[in-house]
Amino acid sequence: MDHIFTLTQLLERAKEYRLPLCVAFVDYEKAFDSVEINAVLKSLEMQGVEAQYIELLREANSGCTTDIALLSSPIRIPVEKGVKQGDTISPKLFTTCLEQIFRDIDWKGGVNINGELLTHLRFADDIVLVAETTDLLQTMLTELDIRSSRVGLKMNRMKTKFMRSDYATRGRIVVQGDEIEEVEEYVYLGQEVNMRRDMEKEISRRIRAGWKAFNSIKDVLKGKLDKTTRANLFNGTVLPAMLYGSETWATTKREEQRLVTAQRAMERSMLGISLREHIRSETIREKSGVRDIINEYEKQKLRWAGHVARFTDNRWTRAIVEWYPRERKRPLGRPPKRWIDDIRKTFGATWMRKARSREEWEACCDQRSRFDAR
């Protein structure tokens, strides 16, 4: 959620202040299977891991084989690359190797966030590079491709994409002779993002995910279970699917109404009620007993806002909330909907001061929830 939030806030500022911005989404081919184990061990050494642990990991990852049963004669093949699939330490080993790659690169791109350069975001092998021009992004991608190939990682140039704002110069990006495709939107860590900060397609994806979760348990929801059990099943499976990533949303009333409409349709399906029966929404909610999707969305967003306000570890999540491009002026006219607007409207400009006290913030959120319920 930290990474999704940081990226969406960066895109939001770029739209609001008309900033030149280019973002590349890097994909590796079979990343966990391709990384050189020697490069992993060297990275551990360079990052200060004790020698006995490195030696233990060397022994655990040496002499590995895999068997392929071909007719009646099995073939044993030595495994000399990659980290072990299913081993709980494998993601950490892979991340250590990637960390060393990024430490060794002297980045020339990035965006200045309150005096610090935001050049990239990393979550396992999901990497985002950030630059202000396509030329800088080209340089960053080329350097990353060279450094990655040294440890066995090959960039998937067909799946690697980039986006740019309308105020960034148009240009081609080529890595090892293959042109990187420019896209209008991209699904990053499960959420569709775009330079327009248009939520329409993401809301449609969430509604489809909600119906998929609903249909997977519809026989149970339509069965003879008691109301409380059915409501708990719905609240625990369907609502999370529909509200994934909602902590970072900046929705309009129209988009919220689409979520409400989808939930009402699911409730009618649960209860076997047709639209032709003209039963009021309040009556349907009373019979279904499920939570209201907009109330849940607001709770999740306010809870996340409280977490962000209380961060003290200098992460980008907190820094980007307080960042405004001081060298640029916002254009005239009504600004686009921002993530922070609903929070400021409810709690005022000093909301972060209130949120620093967990007890005070939770009390404010509970009071808001009781007001909405009435």
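The largest nonpolar core in this predicted model has 40 residues. Those with the most contacts inside this core are Leu 7, Leu 10, Leu 21, Trp 351 and Trp 361. Take Trp 351 as your way in: leaving out residues up to four places away in sequence, Trp 351 touches Ala 305, Ala 309, Val 321, Trp 339, Ile 340, Ile 343, Arg 344 and Trp 361. In soluble globular proteins, nonpolar side chains tend to be buried together.

Now let us look at a stretch of the chain that carries a label. An unreviewed UniProt entry places the feature "domain: Reverse transcriptase" at residues 1-193. This span is 36% helix and 26% strand, and its end C-alpha atoms lie 13 Å apart.

Next, find Trp 107, in the loop between helix H5 (90-104) and strand S4 (111-113). Is Trp 107 buried or exposed? Its relative accessibility is 14%, so Trp 107 counts as buried, the cut-off being under 20%. Which residues surround it? Setting aside neighbours within four places in sequence, Trp 107 is in contact with Phe 102, Thr 119, His 120, Leu 129, Met 140 and Leu 144. Thr 119 is twelve residues from Trp 107 along the chain, and their C-alpha atoms are separated by 7.1 Å.

Technical notes
Residues numbered from 1 in each chain as written. Predicted model: local features only at pLDDT ≥ 70, side-chain atom pairs only at ≥ 80, totals over all residues. Heavy atoms only, no water. Core = buried A, V, L, I, M, F, W, Y, C linked by side-chain atoms within 4.5 Å. Buried < 20%, exposed > 50% of the residue type's maximum accessible area, 1.4 Å probe, protein only. Contact = heavy atoms within 4.5 Å. UniProt positions renumbered as here; feature names shortened; annotations may be inferred. Helix = DSSP H or I, 4+ residues; strand = E, 2+ residues; numbered from the N terminus.
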